[in-house]
Amino acid sequence: MATYPVKYLHSGMRGAPVLTGQAGTLVALLHAALVTGFGMVTALSASVAAGTATVQFNAGQSFDVGDIVVVAGATPDGLNGEARVLTASSTHITFATTAPDGAASGTITVKAAPAGWNRPYSGTNKAVFRSADPAANGHYLRVLDTSAQFARVTGYTAMTTVDAGTGPFPTAAQFSGGGYWHKSIQADGTPVTWKLFGDTRFFFLSIAYASPYGPEYRAAAALCFGDPIALQIGGDPWSTALTCSGSSYSYHRGIEDAGTSSSPGAVATCMARASGGAGSGVLVDARTYSIGALSGADTSLGQYPSSVDGRLRLTPVFWREQGGSYPPPRAVAPGFLYVPQYGASAAFADGSSITGTGDLAGRRLVAVWAASSVSATNPEGVYFIDATGPWR
């Protein structure tokens with residue numbers, strides 16, 4: 001069966017890990033979404049007819065259309081592996097298969113598919129995550145999740161234990177103790193809305209930090225870690241990127257705010273080293289090919305919908321190193337689509353999706369609300385992430 005390059009996982013899925021303002025919940029979320037998957041259920045039966053598999057469950061244990069699931073334990077073996085849910089009800093799903101017609105046997109399990117990462121080291125409320133892809137740069141993300149409302153995050157070029165690593169980014173001089181990923185505006189067990197999009201080398205995590213206040217508080221910064229699409233000829237093994245906040249207070253933005261320079265208290269994206277490979281971690285700025293501001297509130301290409309052709313316009317975000325005069329783009333954020341028009345947030349609900357056109361034809365593009373403050377009651381912008389891929 002086919003392997004699907006991009007996984008889209010979110011807090012609304014059955015069996016999804018619950019993120020709260022409590023220690024350890026972010027590590028648990030990342031472990032489930034990146035490494036193990038979640039929501040495993042044992043099927044009642046499975047059968048194949050004319051290239052379509054139907055799997056039956058007890059009521060309430062099904063999945064949603066578009067979910068990528070992992071099937072295991074089935075005979076014939078052709079049913080096992082990743083599949084995209086084509087249709088669903090409360091008691092069954094269907095998906096395409098090359099397995100022969102007939103009833104399947106075995107103890108058949110189904111779960112939401114993870115993004116395909118490893119967790120090489122862990123401890124109490126802390127863990128290290130690393131791409132399992134042999135083509136990846138191979139750098140590490142350490143998540144220290146011992147506080148209630150935020151976790152500390154640091155990239156490393158090498159690690160030997162959950163607490164020992166070399167080549168940190170950000171460096172201690174840039175952000176002492178690492179950057180911040182904010183979990184919740186409240187230090188309690190109220191669930192927080194989240195979305196994770198990832199391939200085997202890079203992931204975005206959008207946390208609606210203020211969502212415990214109510215459903216209208218859905219703005220979420222685009223935080224990320226992993227290997228972007230390097231523009232350097234021959235590759236760029238030091239371009240691994242980590243986007244984080246430089247402050248513990250309840251305010252941060254992500255790469256969707258592409259007009260904001262990287263600085264403590266706002267957003268910072270750090271890379272493992274400069275493009276030439278020398279030195280230590282460097283800060284990079286997110287930019288677009290427009291003027292650059294908050295996605296969905298940028299006036300560069302007018303209002304959405306365009307008064308000329310009614311179109312929604314989307315553009316990538318790239319990173320460039322800080323310092324010097326007019327530095328060139330170094331790498332592109334994979335799968336991220338910036339909106340260089342204003343007024344778009346009123347047209348696209350958070351979590352809604354559209355079908356791409358042109359180079360993105362047939363791809364599912366998921367909308368995520370954005371704001372200049374994550375505690376804003378109403379979205380000021382919107383960005384999209386390609387939930388289908390491939391990103392590279």
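**Notes on salt bridges, pockets and cysteines**

1. At a relative accessibility of 15%, Arg-142 counts as buried, because the cut-off for that class is under 20% relative accessible area. The model discussed here is a predicted one, and the points below should be read with that in mind.

2. Arg-142 has a charged partner in Asp-163: their side chains form a salt bridge, with 2.6 Å from N to O. Asp-163 sits in the loop between β14 (150–161) and β15 (164–169), while Arg-142 belongs to strand β13 (residues 140–144), so the contact ties together parts of the chain that are 21 residues apart in sequence. The two partners fall into separate accessibility classes: Asp-163 is partly exposed, at 46% relative accessible area, whereas Arg-142 is buried at 15%. The pair also belongs to a network of salt bridges in which Lys-126, Arg-142 and Asp-163 are linked.

3. Another salt bridge joins the side chains of Lys-183 and Asp-145, again with 2.6 Å from N to O. The two residues come from distant parts of the chain, 38 residues apart: Lys-183 is in the loop between β16 (179–182) and β17 (193–198), and Asp-145 is in the loop between β13 and β14. Both Lys-183 and Asp-145 are buried.

4. Which strands does the salt bridge between Glu-82 and Lys-7 tie together? The side chains of Glu-82 and Lys-7 meet at 3.3 Å, N to O. Glu-82 is part of strand β6 (residues 81–84) and Lys-7 part of strand β1 (residues 7–10), so this bridge connects parts 75 residues apart in sequence. Glu-82 is buried at 15% relative accessibility, and Lys-7 is buried too, with a relative accessible area of 3%. In total, the structure has 13 salt bridges.

5. The largest pocket holds about 510 Å³ of space. It is lined by 24 residues, and those closest to the centre of the pocket are Leu-314, Leu-337, Thr-357, Leu-360 and Leu-365. Strands β26 (336–337) and β27 (353–355) each contribute at least two residues to this lining. Sorted by class, the lining of the largest pocket comprises 13 nonpolar, six polar and five charged residues.

6. The second largest pocket holds about 150 Å³ of space. Its lining has 16 residues, with Tyr-8, Gly-66, Asp-67, Ile-68 and Arg-364 nearest the centre. Strand β1, which also carries Lys-7, gives the most to the lining of this second pocket, namely four residues. Eight nonpolar, three polar and five charged residues make up the lining of the second largest pocket.

7. How many disulfides does the structure hold? The count is zero. Cys-224 is in no disulfide, and the nearest cysteine sulfur, which belongs to Cys-244, is 9.3 Å away. Cys-270 is likewise in no disulfide, with the sulfur of Cys-244 as its nearest cysteine sulfur at 4.5 Å. A disulfide needs the two sulfur atoms within 2.5 Å. Cys-224 is buried, at 0% relative accessibility. Cys-270 is also buried, at 0% relative accessibility.

Terms used:
Residues numbered from 1 in each chain as written. Predicted model: local features only at pLDDT ≥ 70, side-chain atom pairs only at ≥ 80, totals over all residues. Heavy atoms only, no water. Salt bridge = Lys/Arg side-chain N within 4 Å of Asp/Glu carboxyl O. Buried < 20%, exposed > 50% of the residue type's maximum accessible area, 1.4 Å probe, protein only. 1 Å grid on protein atoms, 1.4 Å probe; cavity = no way out; pocket = protein on both sides within 12 Å on 5 of 7 lines; lining within 4 Å. Points joined across faces, edges and corners; volume = space filled by probe spheres on them. Nonpolar A, V, L, I, M, F, W, Y, C, P; charged D, E, K, R; others polar.
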